[in-house]
Every structure is written in C-alpha cells, then in structure tokens.
Amino acid sequence: KYLQHVQSLGQSRGVAIGMIKANGSVHQEIKRVTEEHDIDLLVMGKISRIRSRRDEIYDEAERAMRSVSCSVLIVKDEDRIWDLFERQ
C-alpha cells in the first residue's frame with residue numbers, strides 16, 4: 001500500500017517511480033538493485049541514531065548507505081519535505 005501511495009504521489013508530480021520487490025538481506029538487495037539498474041542516486045529516510053558499534057554494524061540502512069556505489073541522499077526532516085512537496 002505504501003509503495004502504491006508513493007507511486008501515485010510521484011505520478012501526480014510527473015516523476016516516474018519504479019517499484020521493485022526483493023527478498024534477502026536488505027543492504028545486499030539494495031546494493032544489487034542499484035548496480036543492476038545503474039542507479040545514480042539512492043534516496044533514504046533518516047537513519048536511526050547509532051548508540052553503539054554493534055548498532056552501526058547491524059543497522060541495515062547504515063550498511064546499505066555505506067555499501068552502494070552511487071550517491072546517497074538522506075532525508076532527515078520528513079515534515080519539512082512533506083511541506084515542500086505540498087507547496088509544489
């Protein structure tokens with residue numbers, strides 16, 4: 001449901017959104033898909049606060065961010081992003 005919502009939001013603004021369903025380790029699948037599709041930019045939501053070295057090693061978003069070869073944009077202020085989106 002969420003991905004369909006994102007796709008309809010993108011279409012309403014003329015942005016093509018492709019959905020890919022994958023199984024496996026999150027960071028490995030993100031890396032695989034970005035390489036297979038020659039993705040230039042990976043956009044991610046805010047990364048959780050790292051409280052220990054163990055968190056840094058096992059956090060899937062952190063691992064994905066560090067393992068992909070493309071640029072990564074991390075969106076930190078979700079409320080501000082929605083406000084900007086609604087103004088367009």
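The legends below describe close-up views of a predicted model.

**View A. Helix α2 packs against helix α4.**
Helix α2 covers residues 26-36 and helix α4 covers residues 60-67. On the α2 side, the residues in the contact are Val26, His27, Ile30 and Lys31. On the α4 side, they are Glu60, Arg63, Ala64 and Ser67. By type, the residues of this contact divide into three nonpolar, two polar and three charged.

Glu29 lies in helix α2 and forms a salt bridge with Arg32. The closest N and O atoms of this pair are 2.6 Å apart. Glu29 and Arg32 are three residues apart in α2, so about one helical turn separates them. Glu29 has a relative accessibility of 17% and counts as buried, the limit for buried being under 20%. Arg32, at 32%, counts as partly exposed. Apart from neighbours within four places in sequence, Glu29 is in contact with Ala22, Asn23 and Gly24.

Glu36 is exposed, with a relative accessible area of 53%, whereas Arg32 at 32% relative accessibility is partly exposed.

The side chains of Glu62 and Arg66 meet at 2.6 Å, N to O. Both residues lie in helix α4, four residues apart, which is about one turn of the helix. Glu62 is buried, with a relative accessible area of 6%, while Arg66 is exposed, with a relative accessible area of 56%. Elsewhere, salt bridges that share partners join Glu29, Arg32 and Glu36 into one network. A search of the whole structure finds three salt bridges, among them the Glu62 and Arg66 pair shown here.

Setting aside neighbours within four places in sequence, Gly45 is in contact with Ile74 and Val75. Gly45 and Val75 are 30 residues apart along the chain, and their C-alpha atoms are separated by 4.9 Å. Gly45 is partly exposed, with a relative accessible area of 47%.

**View F. Asp38 has a positive phi in the loop between α2 and β1.**
Most residues other than glycine have a negative phi. Asp38 is not a glycine, yet its phi is positive, at about 50°. This residue is placed in the loop between α2 and β1. At 63% relative accessibility, Asp38 counts as exposed. Asp38 and Cys70 are 32 residues apart in sequence, with a C-alpha to C-alpha distance of 8.5 Å in space.

Key:
Residues are numbered from 1 along each chain as its sequence is written. This is a predicted model: local features need pLDDT of at least 70, side-chain atom pairs count only at pLDDT 80 or more; totals for chains, interfaces and linings use all residues. Side-chain values use heavy atoms; hydrogens and water are left out. Axes are lines fitted to C-alpha atoms, for helices over the stretch in contact, and angles run from 0 to 180 degrees between N-to-C directions. Helices (H or I, at least four residues) and strands (E, at least two) are DSSP runs, numbered from the N terminus. Contact means heavy atoms within 4.5 Å. Ala, Val, Leu, Ile, Met, Phe, Trp, Tyr, Cys and Pro count as nonpolar, Asp, Glu, Lys and Arg as charged, and the others, Gly among them, as polar. Buried means under 20% relative accessible area, exposed over 50%, partly exposed in between (1.4 Å probe, protein chains only). A salt bridge is a side-chain nitrogen of Lys or Arg within 4 Å of a carboxyl oxygen of Asp or Glu.
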